[in-house]
Structure formats: structure tokens, C-alpha cells
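The tour below goes from one selection to the next.

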Amino acid sequence: MAIDEGWRSYSAAPPRGTRICASQDVIEGDVLSMVLESENGMLPLLVTRRHDKLRVFVNACPHQYLPLDYQGSNLLSADGSMLMCNSHGARFLIDDGECVDGPAMGCALDLVPVEERAGEIWVGP
């Protein structure tokens, strides 16, 4: 899967090689909502691991650019395959961030490239 560079358009986009978190902080089948601080500022992220695939998205619904967890922390669909925006009900595939339901149809969450090494997750190449 090719990663769109849309995440780089955020003024707080971290430089490549920035540490995101420890691998152990990301539990299989869960979502870690966090704010990444870097030399460019603070960027809200959603870090997920499903079927041992790590995905990191900018935590900004493309409908109105509010964080998906703006009105609550329950972000996963019952089967764990989708992230849900608590403000307007948009649903995004956890594999690629594509919106499949709600007011953000035709859009997607911005996927951040990452690499996992030595027990840490980093903004990737």
C-alpha cells in the first residue's frame, strides 16, 4: 500500500525519524490516542495494531478536522475493523483510513508512515 503524503501538510508534522512511542504501548486490537511533540509542534495521532499490522493516523476527521475522540474515547467498531468519529459518526477502515460511512465519504484519514525497531515506533521513511 502506498502512503499518501497528506500527513506532511500539517504544520506540526514531525520529521522522519521522530520517536512516536514504545511498541508495548500499542496493544493488539486497541487504539492509542496521543499527542506527538516534535520540533515542529504537537500533532494528535491514533496508533493502532490489528492482526499485527501497525497503523498510525493523524487524529483529524477530514469532515471538520476535529479529533475522532473529541466527544468520547470509544473509537473502535465492535469488530475492531473501523475507527469511528465520535462527533459526526464517520467510519474509517482501520487498514487504510478510507471513510466508508458518514459525512466524510470520499475522504480518508491521513496515514503516517512508521517503522518499528528495537521495541520503539518511529516516523518512517
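**Before starting**

This is a predicted model, in which local features need pLDDT of at least 70, side-chain atom pairs count only at pLDDT 80 or more, and totals for chains, interfaces and linings use all residues. Residues are numbered from 1 along each chain as its sequence is written, and side-chain values use heavy atoms, with hydrogens and water left out.

**Stop 1**

Helices (H or I, at least four residues) and strands (E, at least two) are DSSP runs, numbered from the N terminus. Two strands count as paired if DSSP finds at least two bridges between them. In general, strands of a sheet pair through backbone hydrogen bonds, either parallel or antiparallel.

Val31 has Thr48 in strand 3 as its bridge partner, and Leu36 stands opposite Leu43 in strand 3. The two strands form a hairpin, with two residues between them.

Move on to strand 3 and strand 4, an antiparallel pair with six bridges. Here Arg50 has Lys53 in strand 4 as its bridge partner. This hairpin also has two residues between its strands, and His51 in it takes a positive phi near 55°.

**Stop 2: the nonpolar cores**

A nonpolar core is a set of buried Ala, Val, Leu, Ile, Met, Phe, Trp, Tyr and Cys residues joined through side-chain atoms within 4.5 Å. Buried means under 20% relative accessible area, exposed over 50%, and partly exposed in between (1.4 Å probe, protein chains only).

Which members of the largest nonpolar core touch the most other members? Select Ile20, Met34, Leu45, Val47, Val58, Val112 and Ile121, out of 19 residues in that core. At least two residues of this core come from each of strand 1 (19-22), strand 2 (31-38), strand 3 (41-50), strand 4 (53-58) and strand 10 (120-123). A second, separate core has 16 residues, including Leu46, Ala104, Leu109 and Leu111.

Return to Ile20 and show its contacts (heavy atoms within 4.5 Å). Not counting residues up to four places away in sequence, Ile20 touches Met34, Leu36, Leu45, Val47, Val56, Val114, Ile121, Trp122 and Val123.

**Stop 3: Thr18**

Step back to Thr18, in the segment before strand 1. Is Thr18 buried or exposed? At 15% relative accessibility, Thr18 counts as buried. Leaving aside neighbours within four places in sequence, Thr18 is in contact with Leu36, Ser38, Ile121, Trp122 and Val123. A polar atom of the Thr18 side chain lies 2.6 Å from the backbone oxygen of Pro15.

**Stop 4: salt bridges**

A salt bridge is a side-chain nitrogen of Lys or Arg within 4 Å of a carboxyl oxygen of Asp or Glu. The whole structure has four salt bridges.

- Select Arg16 and Glu5: the closest N and O atoms of this salt bridge are 2.8 Å apart. Both residues lie in the segment before strand 1, 11 residues apart. Arg16 is partly exposed at 39% relative accessibility, and Glu5 is partly exposed at 40%.
- Select Glu116 and Arg49, whose side chains form a salt bridge (2.9 Å, N to O). Glu116 is in strand 9 (residues 114-117) and Arg49 in strand 3, so the pair ties together parts 67 residues apart in sequence. Glu116 is partly exposed, at 39%, whereas Arg49 is buried, at 9%.
- Select Arg117 and Glu115, with a salt bridge of 3.4 Å, N to O. Arg117 is partly exposed, at 41%, and Glu115 is partly exposed, at 32%.

**Stop 5: the cysteines**

A disulfide is, in general, a covalent bond between the sulfur atoms of two cysteines. Here the rule is a pair of cysteine sulfur atoms within 2.5 Å, and the count is zero disulfides.

Select Cys61, which is in no disulfide: the nearest cysteine sulfur, in Cys85, is 3.9 Å away. Cys61 is buried, at 2% relative accessibility. Finish at Cys107, where the closest cysteine sulfur, in Cys99, is 7.2 Å away, too far for a bond. Cys107 is partly exposed, with a relative accessible area of 34%.

Key
A polar contact is a pair of N or O atoms within 3.5 Å; within protein, one must be able to donate a hydrogen and the other to accept it, and residues adjacent in sequence count only if both atoms are side-chain atoms.
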